[in-house]
Amino acid sequence: MKIEKTERERIIRLVKQQVVPAMGCTEPICVSLCVARAAEVLGERPVAVSVFLSANILKNAMGVGIPGTGMVGLPIAIALGVVAGKSAYGLEVLKDVTPTDVEQGKQYIAERRVKISLKEGISEKLYVEAIVESCLLYTSDAADDSLRVD
């Protein structure tokens with residue numbers, strides 16, 4: 001089967017528009033990206049992070065290796081998003097991670113600062129929500145002072 005030149009060019013253009021570089025498997029990396037962005041908005045290293053994921057993200061990310069770590073799964077992907085992730089890099093959010101960052105990520109996990117949960121009551125197949133916590137104490141009259149990054 002021979003593809004006409006215009007059809008071939010259209011396919012190549014579409015691939016160039018839709019395909020972006022990613023560091024490792026996209027499911028844990030998209031969770032790292034979400035966590036990194038939430039931490040950046042917070043403006044400091046979170047004391048804890050909770051992620052709520054769709055079943056598909058959770059299932060596909062739990063047993064996947066995270067490049068440069070020698071580890072698998074979401075806990076290290078989340079911890080590295082907090083410790084060293086740069087959301088401006090998109091799905092290459094962890095490309096600058098160093099061995100020191102990996103050690104800090106392992107410590108973050110050991111301190112039980114990462115919580116992973118299934119997001120209930122959603123129909124989306126791909127869903128990631130990150131809640132980052134600060135130790136900043138303040139008073140407010142607002143009913144809900146949570147920070148939400150969509």
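Which residue lies over the face of tyrosine 89, and at what distance from the ring centre? I looked this up first. Lysine 95 lies there, 4.3 Å from the ring centre. For a charge to sit over a ring, NZ of Lys or CZ of Arg must be within 6 Å of the ring centre and within 35 degrees of the ring normal. I noted another case: the charged end of lysine 119 sits over the ring of phenylalanine 52, 5.8 Å from its centre.

**Ground rules.** The model is predicted, so local features need pLDDT of at least 70 and side-chain atom pairs count only at pLDDT 80 or more, while totals for chains, interfaces and linings use all residues. Residues are numbered from 1 along each chain as its sequence is written, and side-chain values use heavy atoms, with hydrogens and water left out.

**Overall layout.** I found five helices and five strands in the protein. Helices (H or I, at least four residues) and strands (E, at least two) are DSSP runs, numbered from the N terminus. Along the sequence I read the pattern α-α-β-α-β-β-α-α-β-β. The protein has 150 residues, and 30% of them count as buried. Buried means under 20% relative accessible area, exposed means over 50%, and partly exposed lies in between (1.4 Å probe, protein chains only). The protein exposes about 9600 Å², with 53% of it supplied by carbon and sulfur atoms. Such areas come from the Shrake-Rupley method with a 1.4 Å probe; for residues, only the protein chains shown count as cover.

**Contacts.** I took contact to mean heavy atoms within 4.5 Å. Among contacts between residues at least 6 apart in sequence, 75% join residues at least 24 apart.

**Valine 31.** I found valine 31 in helix 2 (residues 26–42). Is valine 31 buried or exposed? Its relative accessible area is 0%, so valine 31 is buried. Leaving out residues up to four places away in sequence, valine 31 touches Val51, Leu53, Ile57, Leu74, Ile78 and Val128. Isoleucine 57 is 26 residues from valine 31 along the chain, yet their C-alpha atoms are separated by 8.6 Å.

**Serine 50.** Strand 1 (residues 48–53) holds serine 50. Serine 50 counts as buried because its relative accessible area is 13%. With residues up to four places away in sequence not counted, its contacts include Lys115, Glu129 and Ala130.

**Salt bridges.** How many salt bridges does a search of the whole structure find? I got six. Each needs a side-chain nitrogen of Lys or Arg within 4 Å of a carboxyl oxygen of Asp or Glu. One of them joins arginine 10 to glutamate 7, with the closest N and O atoms 3.0 Å apart. Both residues lie in helix 1, three residues apart, about one turn of the helix. Arginine 10 is partly exposed at 42% relative accessibility, and glutamate 7 is partly exposed at 31%. Arginine 113 bridges to glutamate 111, and here the closest N and O atoms are 2.5 Å apart. Arginine 113 is partly exposed at 27%.

**Surface patch.** Ile3, Ile11 and Val15 form a nonpolar patch with about 230 Å² of accessible area together. Patches take residues with over 30% relative accessible area and no salt bridge; like charges are joined within 9 Å, nonpolar side chains (Val, Leu, Ile, Met, Phe, Trp, Tyr) within 5 Å. Valine 15 is in helix 1 (residues 5–18). At 43% relative accessibility, valine 15 is partly exposed.
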